[in-house]
Amino acid sequence: MFLKNNNGIILDQVKEPAFSRDLLPFLSSSPQGANSWAPVEDIESLSLKQVMDLAQRAGIIDENNSKPLAERLKKWAKTPPTAVVGDAIDDEPYVSSQVNPLLKLSQEAAGGLRILQKALGAPKAYFAVYKEMYDLNTKVPSKVEGFPVVKIGGRYPMEQRAISRLGRDTLLLGCGALIHLYRAAVKGQPQTTCFVTVAGNCIGNPANLEVTIGTTVAQVLERCGLIQDPTYIVSGGAMKGKPVLEPENTIIQVGTRAVLAFRENRKERQYTCIGCGRCLEVCPSGLNPALLYQALRDRRGVTAQKLGLSRCIGCSTCSYICPSKLDLSHTIFEANIKKKRGEENE
């Protein structure tokens, strides 16, 4: 998805104290599919095909889009990228589940990046982090294990903008995927874990965890401690995450970048649009979320299509900025997904 305007907002990056704390393991004693193999003797001599075979064997998934790493590398077999970029652009509030592992497991993250740069023959390789992070206890260095760290600034949603800003000839991969690629090569280890930020005003010990895939949300919350009962729990991030209604039955997956638990005063909620136009001003896709929301509430699907329903990227900027706290983004994005599914089934 390529964003053609600079609309959006600079979000308050509430990342402490989880960001500066150690990355903590929260691992199952016997994760499924944990068969290992002999380590690679010379990881920098791996060909692209060997890397793809290794990534497939290890079951490595890119946390940015939940796609297998091997599939993401296929398109570069004939035309190598000009640069390979390790994505640590945690642009959502609270979430630091890419930049924290980058700093705490820097050797492994850099090792995975080096493997890919050599295999692809890419002239450049570096890590990208979000520039709009202030007053943090931990400073992001200018280099990690010899690789430059580029700070990318701008309005949220920044990760989608990074794709168009870096160019189509740049391969952007999550730091988690790079770490697991390094482990697959050096340790003969499949991916059985992912990195998750656990935070929110109900969490006693906010932290970044390395969690066994398949662990439940309830177990993760218990690990970090609830100091009060949350009125809502979100899986995936404060902006684009999905509500968790049954934490005991909701499992952690590779794309679960965060689990956030909040307590909110429901009396502060309002449910009527006041016509302020803020959602229109900040929408990075140039939509009018208020009109779209009303059209969908009134079941006027044709009108919603004319208003640009299909262009919604689900960034939740409109919901964040709405003073009436209307659930604009979820309503619009879910309608968009349902329409696309319907078209695919026709």
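User: How many nonpolar, polar and charged residues does the lining of the second largest cavity have?

Analyst: This is a predicted model, and in it that lining has five nonpolar, six polar and two charged residues. For this count Asp, Glu, Lys and Arg are the charged ones, while Gly goes with the polar group.

User: What is the volume of the second largest cavity, and which residues are closest to its centre?

Analyst: About 70 Å³ of space lies in there. Of the 13 residues that line the second largest cavity, E63, G176, C194, F195 and V254 are the closest to its centre. Two elements give two or more residues to that lining: α6 (175-186) and β9 (193-199).

User: What makes something a cavity here, and how many of 30 Å³ or more are there?

Analyst: A cavity is a set of points where a 1.4 Å probe fits but cannot get out. Searching the whole structure turns up two of 30 Å³ or more.

User: What is the volume of the largest cavity, and what lines the space?

Analyst: The largest cavity has about 120 Å³. Its lining is made of 15 residues, and C283, L287, C312, C315 and C318 lie nearest the centre. The elements giving two or more residues to that lining are α9 (289-297), α11 (317-321) and α12 (328-345). By class, the lining of the largest cavity divides into 10 nonpolar, five polar and no charged residues. Cys counts as nonpolar, so C283, C312, C315 and C318, which are among the residues nearest the centre, fall in the nonpolar group.

User: How do you know what span to expect for helix α4?

Analyst: Take 1.5 Å times one less than the number of residues. Helix α4 (residues 106-120) has 15 residues, and the expected value is 21 Å. From first C-alpha to last, α4 reaches 21 Å, close to that expectation.

User: Why is α4 called mostly covered?

Analyst: Buried means under 20% relative accessible area, and 12 of the 15 residues in α4 are buried, so the helix is mostly covered. Among them are S106, E108, G111, L113 and L120. Just after α4, G121 takes a positive phi of about 70°.

User: Which strands are called edge strands in the five-stranded sheet?

Analyst: The sheet is open, with the order β6-β7-β5-β4-β8 and mixed pairing. β6 (143-144) and β8 (170-174) are the edge strands, as each pairs on one side only.

User: Why do β6 and β7 count as a pair?

Analyst: Pairing needs at least two bridges. β6 and β7 (residues 147-152) have two, in the antiparallel sense, so they qualify. The bridge partner of K143 in β7 is P148.

How values were computed
Residues numbered from 1 in each chain as written. Predicted model: local features only at pLDDT ≥ 70, side-chain atom pairs only at ≥ 80, totals over all residues. Heavy atoms only, no water. 1 Å grid on protein atoms, 1.4 Å probe; cavity = no way out; pocket = protein on both sides within 12 Å on 5 of 7 lines; lining within 4 Å. Points joined across faces, edges and corners; volume = space filled by probe spheres on them. Helix = DSSP H or I, 4+ residues; strand = E, 2+ residues; numbered from the N terminus. Buried < 20%, exposed > 50% of the residue type's maximum accessible area, 1.4 Å probe, protein only.
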